[in-house]
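Could you look through this one with me?

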Amino acid sequence: MWSWSAVQKWCLLSLLVSRVSSALAPISIKGTKLYDIEGNQFFAKGVIYASSDVTTMLDVLLDSSQCDIDAGLMKTLGVNAIRVYTVDGSQNHDACMRSFESQGIYIWVDLSTPLHAINRNTPEWTLDLYTNWTAAVDAFSKYDNVLFFSIGNEIINSASNVDTAPIIKAATRDIKAYQSARGYRMIPLSYNAADSLETREYTADYLTCGPLGSCIDVYGMNVYSWCGNSSYYVSGFDKLYEQFQAMSIPVLFAETGCNTISPRDFSDVGTMLGPVFQAVFSGALVYEWAMGQNGYGIVNYTNSDGTGFPQTLDDYNALKTVFSTATPTGTALTDYTPSNTQPACPATDANWSVPGSAVLPTIADLQVSTVARVTTYTSPLATTSGGSAVTVASAVNTGSTTSPPSTSNTVLSTSLQTQDSQALLSTGAIAGIAVGGVVVGVAAVLGIFSFIWRRRKRAARRATETEKVSTGSSSHEGGPLMGGDPDDGVQMGRAELPAMSAAAVVPRQELAASNDGHEGYYNADARQAMKRQEPVHEVEDAQVLEMDGLRPAGEIDGRPIVHELDAAQRHSRVS
């Protein structure tokens with residue numbers, strides 16, 4: 001049987017190993033698909049995580065107590081990804097990012113904010129936007145559970161403002177160049193398109209054509225055309241499939257969840273994660289987490305400030321059922337060979353007036369080549385078990401003063417060299433160092449516990465022996481235990497000292513360097529308003545309700561006439 005000390009040692013070791021193994025590895029891109037560290041295709045099951053008050057600029061990743069509560073509820077819901085609209089790059093997000101990482105949840109971060117976004121009415125790419133967006137890149141690039149950075153959301157929503165497309169490409173080019181110059185992991189850049197039939201396919205082709213250094217890596221779509229118990233053809237999902245099956249990059253539903261019919265059954269999400277759509281699309285995120293004025297929330301905060309433990313609503317339970325039953329498997333990394341090719345730039349017509357040869361704007365006096373490298377990074381997915389490389393992002397800086405390393409459509413090139421040309425550590429070496437550090441730390445702790453236990457055991461034994469000696473002295477009885485002679489009484493010798501060994505010293509970790517060169521771009525009052533303090537409450541399991549909605553069709557047969565939705569059937573979100 002195990003002694004109590006052995007049980008303590010085993011529990012301690014298990015705790016340390018579980019904490020190490022719970023870390024999330026970055027998601028990578030190969031062709032049109034997303035993959036996890038084990039080579040399984042990744043499908044996003046997510047929600048939009050934003051403040052219930054759409055008029056505020058609240059960074060929801062600053063309140064660690066609230067993140068703990070919400071991340072737990074999201075895990076119960078079946079969520080593996082969230083999208084955050086607004087972040088403050090001047091603040092530290094370690095606590096909230098750990099909360100979501102511990103629950104297996106990735107974060108899709110929008111770089112733009114209400115005060116720093118590309119304006120579709122007066123589009124321009126400015127140093128102010130660049131400075132604030134790169135502050136967010138600095139703040140979040142260290143986290144492995146960042147899924148994507150979003151360059152823009154619904155900037156193009158009609159044929160009248162497609163002239164903003166070169167601005168989006170210019171921003172993509174400069175952010176990629178900045179990522180490379182800083183030596184960061186090349187976190188994929190996305191654009192999230194409006195639910196516009198006349199522009200969404202043109203936009204996708206334009207943002208992925210031409211030099212890879214100015215192309216987006218992921219295309220997101222905000223789609224609300226499937227309402228209630230709809231179908232492929234009534235909702236226009238058949239057209240979606242046709243339009244995007246030839247895309248050369250991953251496509252996701254960045255927002256979905258029409259609420260004109262309530263309560264929602266989320267049959268649209270079931271379709272998006274179903275057997276037909278998983279061949280083209282990589283998941284869906286539901287709008288939205290917190291109930292607000294527009295009525296899309298799936299939980300409701302009873303406190304006036306939108307904090308504390310929220311009440312789960314019927315929509316939460318319906319979505320939980322869909323997430324639990326939709327289990328797309330996809331294609332294993334080793335079995336997948338990308339076949340789609342990069343598209344040609346769209347020709348100009350009545351709906352698209354931007355030629356593919358349009359010159360991308362630049363920022364005056366912006367010298368990306370002078371940006372200081374702050375780290376070196378080797379992706380854990382730089383090479384797969386089969387020896388093939390995986391694409392995370394390209395980094396050709398077209399039209400800029402910097403020319404970062406370029407990559408092909410299927411080759412990952414995130415391994416960067418230091419300025420003295422020394423090769424970076426391999427993935428195996430990094431893993432070995434990490435495992436070795438854990439083993440040394442565990443051994444040191446166990447050694448200390450073992451030493452204390454032996455010392456206490458010897459002290460107890462000496463106390464017992466002393467008691468026996470005292471008893472023996474009064475009766476003139478010695479014994480072999482103490483080396484005495486039965487006739488002469490006990491002859492006490494010096495107690496043997498326990499062997500002493502130096503305890504291992506575990507070095508303290510150095511604090512991470514703060515963000516270089518970025519002042520807070522929110523003032524003190526605004527930052528104070530973003531911080532919410534609330535005690536953590538106990539999390540109760542939500543009741544699961546079975547939904548009555550029809551399951552999505554298993555395949556697309558012959559397509560009848562598609563009925564377009566009129567304006568009254570479209571969603572009415574507060575923007």
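1. Ground rules. This is a predicted model, so local features need pLDDT of at least 70 and side-chain atom pairs count only at pLDDT 80 or more, while totals for chains, interfaces and linings use all residues. Residues are numbered from 1 along each chain as its sequence is written, and side-chain values use heavy atoms, with hydrogens and water left out.

2. Salt bridges overall. Taking a salt bridge as a side-chain nitrogen of Lys or Arg within 4 Å of a carboxyl oxygen of Asp or Glu, the count is 8. Three of them are picked out below.

3. Arginine 83 and aspartate 110. Their side chains form a salt bridge at 3.1 Å, N to O. Arginine 83 sits in strand β4 (residues 81-84) and aspartate 110 in strand β5 (residues 106-110), so to speak distant parts of the chain, 27 residues apart. Helices (H or I, at least four residues) and strands (E, at least two) are DSSP runs numbered from the N terminus. Both partners are buried: arginine 83 has 0% relative accessibility and aspartate 110 has 4%. Here buried means under 20% relative accessible area, exposed over 50%, and partly exposed in between, with a 1.4 Å probe and protein chains only. Glu255 joins in as well, giving a salt-bridge network of Arg83, Asp110 and Glu255.

4. Lysine 142 and aspartate 94. The closest N and O atoms of this salt bridge are 3.1 Å apart. Lysine 142 is in the loop between α4 (127-140) and β6 (146-153), and aspartate 94 is in helix α3 (residues 94-102), so the pair ties together parts 48 residues apart in sequence. Both ends are partly exposed, with lysine 142 at 47% and aspartate 94 at 23%.

5. Arginine 173 and aspartate 174. Their side chains meet in a salt bridge at 2.8 Å, N to O. Arginine 173 is buried at 2% relative accessible area, and aspartate 174 is buried at 2% too.

6. Helix α2. Its 14 residues reach 20 Å from first C-alpha to last, close to the 20 Å expected at 1.5 Å a residue; the expected span is 1.5 Å times one less than the number of residues. Of the 14 residues in α2, 10 are buried, so the helix is largely enclosed by the rest of the structure. Among the buried ones are Cys67, Ile69, Leu73 and Met74. The cover over them includes β3 (44-48), β4, α3, β12 (311-312) and α10.

7. How α2 meets α10. Helix α2 (residues 64-77) packs against helix α10 (residues 314-325) at about 55 degrees, with the axes 8 Å apart. That makes α2 oblique to α10. The contact (heavy atoms within 4.5 Å) involves Leu73, Thr76 and Leu77 of α2, with Tyr316, Leu319, Lys320 and Phe323 from α10. By class, the contact residues are 5 nonpolar, 1 polar and 1 charged.

8. Cysteine 345. What does this residue touch, leaving aside residues up to four places away in sequence? Cysteine 345 touches Cys209, Gly210 and Gly356. Cysteine 345 lies in the loop between α10 and α11 (427-475) and is partly exposed at 29%. Leucine 207 is 138 residues from cysteine 345 in sequence, yet 8.4 Å from it in space, C-alpha to C-alpha.

Notes. Axes fitted to C-alpha atoms, helices over the stretch in contact; angles between N-to-C directions. Parallel < 35°, antiparallel > 145°, perpendicular 65-115°, else oblique. Nonpolar A, V, L, I, M, F, W, Y, C, P; charged D, E, K, R; others polar.
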